[in-house]
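Here is a chain to look at, followed by some questions on the terms used to describe it.

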Amino acid sequence: MKIILILVLVLVVSINALNNQFLHISDVHYSSAMNSLLYNASVMCIGPTVTKEFDHKEHEMLVEDTERLNLPTNGLYGRYGCDTNQLLLNEFTGDGAGHGLPNGPWSESQSTLAKSLYGAFPNTQFIPTIGNNDVFPDYNSQCNDSNLQFLYETWAQWIPTNQVSSFLYRGSFVVSPVAGLTIISLNTILYSVKNKNTFATPQDPCGQFAWLEQQLIAAKQAGNSVYIIGHIFPGLDPFYLQGTWKSQYQTSFFNITSDYQTTITAGFFGHIHRDEIRSIQFNSPSLTNNHYFPMFIGSSITPVYFNNPTFKQFTYDSLSKNITDITAYFSDIYISNLKGHMNWTEEYDFVSTYDIDNQYGIGGDQLNSLLDRMISTNSIFNNYDNYRSGSYLSDSPSMTCLINAATIDELNACTEIAANVA
């Protein structure tokens, strides 16, 4: 059976155990409102009468660039600046509800997406994770609430029976899709700076940190490698240059994971609609050589933030489960609309593009070495920046040092060093 680990709204990861590969697909954001000929205030779309919900600081700048370059608007598969329509969903069958939808269209979009995935891939195991638009209203995640009940009813076929109680209470669960691999799906919306809820246990919302450590202990005892999946990664948003998680929760996460750095192989996230990497140093005083936590952040299927739809195929070692290569695919919306079909094309191969020594896999140490080369060689970073938006419009702010900076202080320190190198 083929296995797709779909981190809903974040990414879809699809594991083919025979080829040691999986897909990582982020932020589909299907919107039932996009099926209308008219764009209106209920949909995240650029237009003169549209209410704009910004997650990205420079969205208006991108709109201005689009107008200046006289870029095309409507087409079969949507347009830059709008969420995923039905035809793009049918071509891809991806994940997650659209931006800014009222309750009715939001629940309709969620149900349509789940049915589309299940119908298109009946023999595929999906592993979802909750995104900020998978709850209503946006970012409203709480323990044991109606959102979790609705999502369970929508995703019931993908939640293991022995994990139902955990999912209904906190929105997280664990699964082992292939021998030797544990995948922990975290509800990262609990930790978001935009989550305004209060919790009975404010230091550990819904007991998820305690639960996370229990899963890491079990995986270590079983000799399993661990992938952690979630929607919002811990670190700095590239557009706001602000923390994505509340600081106390980010500290707790790295305090816990640092004790299991030889067990945790990688993290997979989404949310920012850009293809990025992070390599955050573990903090473990008991070890003389602290390594780095590698995070692979997916771009998106929706072109709403002026990017081409993209997804990635990961190859992993059958024994260690270390990532050994990444191939990215993209489809140019403009060309697809002209041709009348989605023209999925290989965008880059990670190992060959960045000249990575993958003998022991692509881990945090390798990503950190890549950062050093980006700082000293502009052409390497320029390639990275181009691929961030699916080969559309490069829009990077001071991006290089974000790769290994979890806080503003760390970002400033790296930027100062990079300036001296330059």
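**Burial and disulfides**

Q: Why is Cys401 called buried?
A: Buried means under 20% relative accessible area, exposed over 50%, and partly exposed in between, with a 1.4 Å probe and protein chains only. Cys401 has a relative accessible area of 3%, so Cys401 is buried. The model is predicted: local features need pLDDT of at least 70 and side-chain atom pairs pLDDT 80 or more, while totals for chains, interfaces and linings use all residues. Residues are numbered from 1 along each chain as its sequence is written, and side-chain values use heavy atoms, leaving out hydrogens and water.

Q: What makes Cys401 and Cys414 a disulfide?
A: A disulfide is a pair of cysteine sulfur atoms within 2.5 Å. The sulfur atoms of Cys401 and Cys414 are 2.2 Å apart, so the pair meets the definition.

Q: How many disulfides does a search of the whole structure find?
A: The search finds two. The other joins Cys143 to Cys206, with S to S 2.1 Å.

Q: Is Cys143 buried or exposed, and how do you know?
A: Cys143 has 18% relative accessibility, so Cys143 counts as buried. Cys206, at 2%, also counts as buried.

Q: Which residues touch the most other members of the largest nonpolar core?
A: A nonpolar core is a set of buried Ala, Val, Leu, Ile, Met, Phe, Trp, Tyr and Cys residues joined through side-chain atoms within 4.5 Å. Of its 86 residues, Phe253, Phe268, Phe296, Ile323 and Phe350 touch the most other members.
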